[in-house]
Structures are given as C-alpha cells and as structure tokens.
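Welcome, and please take a moment with the sequence and the model below. We will then walk through the salt bridges together.

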Amino acid sequence: MTDTNKITIEFLKSEITDVKYTRINDRLTHCAITVKNGFVFTGESSCVDAANYDKELGEKYAYEAAIDGMWMPYGFALRQKLYGA
C-alpha cells in the first residue's frame, strides 16, 4: 500500500503490471488493467458513430475508466489499514 494516508494517481499507476486493449466492435474499446496482486480492473469507451472512431482516444478513455475503478477499492484497503493501526 502506501506510507501516507492518501492514494495518488502515481501510486495507482505503480500498481499496474499489464494493460490490454480490445476493440469489441466498430465503436467500443475495452481496457483491462492488471495490478500486482493479479486483480483486473476494466473500463470501456464508445463513440456514437463508428465513422468517428479514433483508436487513440478510445484507448485513452477506456484506460481512464479502468483507472477510475481502482480508486474505491484501494481507498477502502488504505482505510482498513489505517483503522487497524
């Protein structure tokens, strides 16, 4: 975990061991982030019109969505650690 009483984006990124992107169809990008303990966080992005699909933006937004999913469980784990201290 962290030595402080807060979770930072730098800490979350330091936990990542692998990132995989999958284009599901002509509009949807899926991101799977694996962290050190083997847990996988996922995020998705989609555009309204397939003609507007942009691989780079799709991956960026899917990654951000997966990162967003990391805050609560890591925050809970830190709160639990601080509670037990």
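What follows is a short tour of the charged pairs and their surroundings.

You are looking at a predicted model, where local features need pLDDT of at least 70, side-chain atom pairs count only at pLDDT 80 or more, and totals for chains, interfaces and linings use all residues. Residues are numbered from 1 along each chain as its sequence is written, and side-chain values use heavy atoms, with hydrogens and water left out.

How many salt bridges are there? Taking a side-chain nitrogen of Lys or Arg within 4 Å of a carboxyl oxygen of Asp or Glu as the rule, the count is four.

| Pair | Closest N to O distance |
|---|---|
| K36 and E15 | 3.7 Å |
| E59 and K55 | 2.9 Å |

Let's begin with E15, which sits in the loop between α1 (9-14) and β1 (16-23). Helices (H or I, at least four residues) and strands (E, at least two) are DSSP runs, numbered from the N terminus. Is E15 buried or exposed? Its relative accessibility is 13%, so E15 counts as buried; the cut-offs are under 20% relative accessible area for buried, over 50% for exposed, and partly exposed in between, with a 1.4 Å probe and protein chains only. Setting aside neighbours within four places in sequence, E15 is in contact (heavy atoms within 4.5 Å) with T34, V35, K36 and Y74.

One of these contacts, K36, is also the salt-bridge partner of E15, at 3.7 Å between the closest N and O atoms. Because K36 lies in the loop between β2 (28-35) and β3 (40-46) while E15 lies in the loop between α1 and β1, the pair ties together parts that are 21 residues apart in sequence. K36 itself counts as exposed, at 54% relative accessibility.
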